[in-house]
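Biologist: Let us go through this structure, beginning with the DNA and then turning to the contact between the chains.

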2 protein chains.
Amino acid sequence: MTSPPQRNPRRTDALSRERIVEAAVEILDTAGEEGLTVRAVTARLATGRGAIYHHVAGKDELLAAAAEDVIGRVTAHPGDDDPRRAIRALALGVFDAIDAHPWVGAQLSREPFQPAVLGIWTSLGVHLRRLGARGAALSEAGSALVNYVLGAAAQHAAGARRAPDDAARRAYLERLAARWARHDADAAVQESAALLAGHDDREQFLAGVDIFLTGVVHRPISGG
Amino acid sequence: MTSPPQRNPRRTDALSRERIVEAAVEILDTAGEEGLTVRAVTARLATGRGAIYHHVAGKDELLAAAAEDVIGRVTAHPGDDDPRRAIRALALGVFDAIDAHPWVGAQLSREPFQPAVLGIWTSLGVHLRRLGARGAALSEAGSALVNYVLGAAAQHAAGARRAPDDAARRAYLERLAARWARHDADAAVQESAALLAGHDDREQFLAGVDIFLTGVVHRPISGG
DNA sequence: ACACAGTTGGACCGGCGGTCCAATCTAGGG
DNA sequence: CCCTAGATTGGACCGCCGGTCCAACTGTGT
């Protein structure tokens, strides 16, 4: 009769929810969303699943906490005196965070009003209010801006996953533009396809923020 | 020596990629994205995995084809004479499609420029061009509007998954608004939280479309 | 010193996407 | 009409997944 197989000795440096979330962010940054498994986290921290599930309810909560960790750093600090500049800076901060951590793009689409999304809402809402938006108009403007930011970030993130470096990205966009132009002869498609390969996501994103700001300022207040 | 277990007899009604995609859409509509497994599709069609993988490369392709099937019906038909009304109708068509099929919201965030996304781009681009946008300005306007539509649809879809009927949705939003208001005393948060439970996603979505259209029309052309 | 709660490590479970192979059917060519 | 090759089908099997459960150990409080 053999004794049960001996376990690895117990760790001396205690785990914590913060360390587990940090390990998850590292794995997500290097291997993407598909690379994040609970087993990968246990391997990285040299521990067992019981330890992970003791600190985190499950994989979904781990992902949400990781996204909140990344977005929290963007929305944490105060903005500019000028609300337009502050909005631009904040939006760009979210975009850059998602450029650096593409997996956040998909994660923010997973749950409505999750802490990271609420953080973005709050940060932008403060400045929209300083821009003059009130009540229902504030709600509509906030919704439009946050949803645009999330939408653009998600598409950019999807692109970043597809082509991780600039050369690969340009090549991919050139092939796509050629296919798109061939598939549809419409003038709008031809013009957009022609510009697709060379465009800069960040510049285009900012242009969208400006379109929004122009719209908010020029749009008549409806029942506000 | 026993003979190998006998297989179910072969089907008489032949499968096709279209039938498989249709079955996938039905499963997604009833059980959501988590309910779509290749096994669920084999059960629904009373077939084996070999048959599925013969027609479809994998689960990802199945999801993409299902999303294209749904969005294709929206972008297929021609629009209004008035470009603003056509844009509004198209955007609302996408929103309603995603309201009816919430899983499409997440799927559109998964791949940049997938056929369904290009379809939305093309349809909106046609009318943005009629509105006067050209070249880089057309590209920027299209990007802004498409990304807003996708972002809003994704968030709405996430909400629809969370609370499938209106009563559950209102209750959920009331709880969330209370928590949000309690967590942050800022005036923008208090105002937005107060309006959260009662707001209509569809109305708010259209308000956002109007903000972007106003921005497109009023924004000075930059290097166009 | 003892007891209890918190933390840890890993065996085990059912289901997953996907591969591979044998069997069957259909279409085309001789 | 027959034969062959390719297309289509059905399901066994694989490794990995998220998650549960349980035993062992450690630290804290009485």
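Modeller: This is a predicted model. In it, a backbone N or O atom of A:Leu15 lies 2.7 Å from a phosphate oxygen of DNA strand C.

Biologist: Which element gives the most to the surface near DNA strand C?

Modeller: Elements that give two or more residues there are helix H3 (49-55) of chain A and, from chain B, helix H2 (38-44) and helix H3 (49-55). With five residues, the one that gives the most is H3(A).

Biologist: How many salt bridges does the rule find across the interface of chain A and chain B?

Modeller: One of them joins the side chains of A:Arg129 and B:Glu191, at 2.6 Å from N to O. For salt bridges, the number is two.

Biologist: What area is buried between chain A and chain B?

Modeller: Each chain brings residues to the contact: 57 from chain A and 57 from chain B. In chain A, the residues that lose the most area to chain B are A:Gln155, A:Trp180 and A:Ile211, together 13% of what that side buries. Carbon and sulfur atoms give 64% of the buried area, which is about 4900 Å².

Notes:
Residues are numbered from 1 along each chain as its sequence is written. Chains are lettered from A and ligands numbered from 1 in the order in which they are written. This is a predicted model: local features need pLDDT of at least 70, side-chain atom pairs count only at pLDDT 80 or more; totals for chains, interfaces and linings use all residues. Side-chain values use heavy atoms; hydrogens and water are left out. A polar contact is a pair of N or O atoms within 3.5 Å; within protein, one must be able to donate a hydrogen and the other to accept it, and residues adjacent in sequence count only if both atoms are side-chain atoms. Helices (H or I, at least four residues) and strands (E, at least two) are DSSP runs, numbered from the N terminus. Contact means heavy atoms within 4.5 Å. Buried area is the accessible area (1.4 Å probe) that two parts lose on being put together, summed over both. A salt bridge is a side-chain nitrogen of Lys or Arg within 4 Å of a carboxyl oxygen of Asp or Glu.
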